[in-house]
Amino acid sequence: MAYNKFRWWSKGRPNKPLSNRAHLFDKLENREYERSYMFKELEDERARAEKLYQEGYNSYKGTDEFGKRYVGYDNSRMARVRCMKLFEEAHKDEEKILDKLFSDFSTWFGVDLESIIMDLPAMDTEELYQYLNETYPRRTTPPVPRVWDQV
């Protein structure tokens, strides 16, 4: 992804999200409900900031400890700023992903996922889909009205 002055802290999504009309399982395969990609970028950037700090610290020619630390911090300043922004945006993105997961699953299966999720054992999103599909099967066609109900 080219440089974007409005999203300079991120490299961009690794996959394009599918449309809202896409099948729920296709969205699962596209990994739209998984952990935010920004957390991986954050881990990489923290390692990069530590490496830059060590390079600056080790390259200082003086003997005083304060000077070494100052050069190290100065060397890794923008990486640390990027880490803070990634941390903030990753949590916002994670909240959006969870909201989308709850709303899409609740709409798809016709059950309030927030009310039953705490009683379920720990599972990933594909296992959750399979469990809900077995427990709350989705109707593909609307119910047929019975003749005697219309009288």
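Which helices each supply at least two residues of the lining of the largest pocket? They are helix H2 (37-59) and helix H4 (77-109), where helices (H or I, at least four residues) and strands (E, at least two) are DSSP runs numbered from the N terminus. The model is a predicted one, in which local features need pLDDT of at least 70 and side-chain atom pairs count only at pLDDT 80 or more, while totals for chains, interfaces and linings use all residues. Residues are numbered from 1 along each chain as its sequence is written, and side-chain values use heavy atoms, with hydrogens and water left out.

The pockets come first. Rolling a probe the size of a water molecule over the atoms shows where empty space is left. On a 1 Å grid over the protein atoms alone, a pocket is an open set of points where a 1.4 Å probe fits, with protein on both sides within 12 Å along at least five of seven lines, and lining residues have an atom within 4 Å of a point. The largest pocket has a volume of about 350 Å³, a volume being the space filled by probe spheres set on the grid points, which are joined across faces, edges and corners. Its lining consists of 18 residues, and Arg 13, Arg 31, Glu 32, Glu 34 and Ile 97 lie nearest its centre. H4 provides the largest share of this lining, four residues. By class, the lining of the largest pocket has nine charged, seven nonpolar and two polar residues; here Ala, Val, Leu, Ile, Met, Phe, Trp, Tyr, Cys and Pro count as nonpolar, Asp, Glu, Lys and Arg as charged, and the others, Gly among them, as polar.

Arg 31 belongs to the loop between helix H1 (24-29) and H2, and has a positive phi of about 60° although it is not a glycine. Its relative accessible area is 55%, so Arg 31 is exposed (exposed means over 50%, buried under 20% and partly exposed in between, with a 1.4 Å probe and protein chains only).

The second largest pocket holds about 230 Å³ of space, and the elements that give two or more residues to its lining are H4 and helix H6 (125-135). Of the 15 residues that line this second pocket, Leu 98, Leu 101, Met 123, Thr 125 and Leu 128 lie nearest its centre. Its lining divides into ten nonpolar, one polar and four charged residues, and H4 again gives the largest share, five residues.

The nonpolar cores come next, a core being a set of buried Ala, Val, Leu, Ile, Met, Phe, Trp, Tyr and Cys residues joined through side-chain atoms within 4.5 Å. The largest has 15 residues, and those with the most contacts inside it are Leu 24, Phe 105, Phe 109, Leu 113, Tyr 129 and Leu 132. H1, H4, helix H5 (113-116) and H6 each give two or more residues to this core, with the largest share, five residues, coming from H4. Not counting residues up to four places away in sequence, Leu 132 touches Phe 105, Phe 109, Leu 113, Ile 116 and Pro 137, contact meaning heavy atoms within 4.5 Å. A second, separate core of eight residues includes Trp 9, Met 38, Leu 42 and Cys 83.

Two charged residues complete the picture. Glu 89, in helix H4, has a relative accessible area of 13% and is therefore buried; leaving aside its neighbours within four places in sequence, Glu 89 is in contact with Trp 9 and Met 38. Lys 27, in helix H1, is likewise buried, because its relative accessible area is 3%. Beyond residues up to four places away in sequence, Lys 27 touches several residues, including Glu 32, Tyr 33, Lys 100 and Asp 104.
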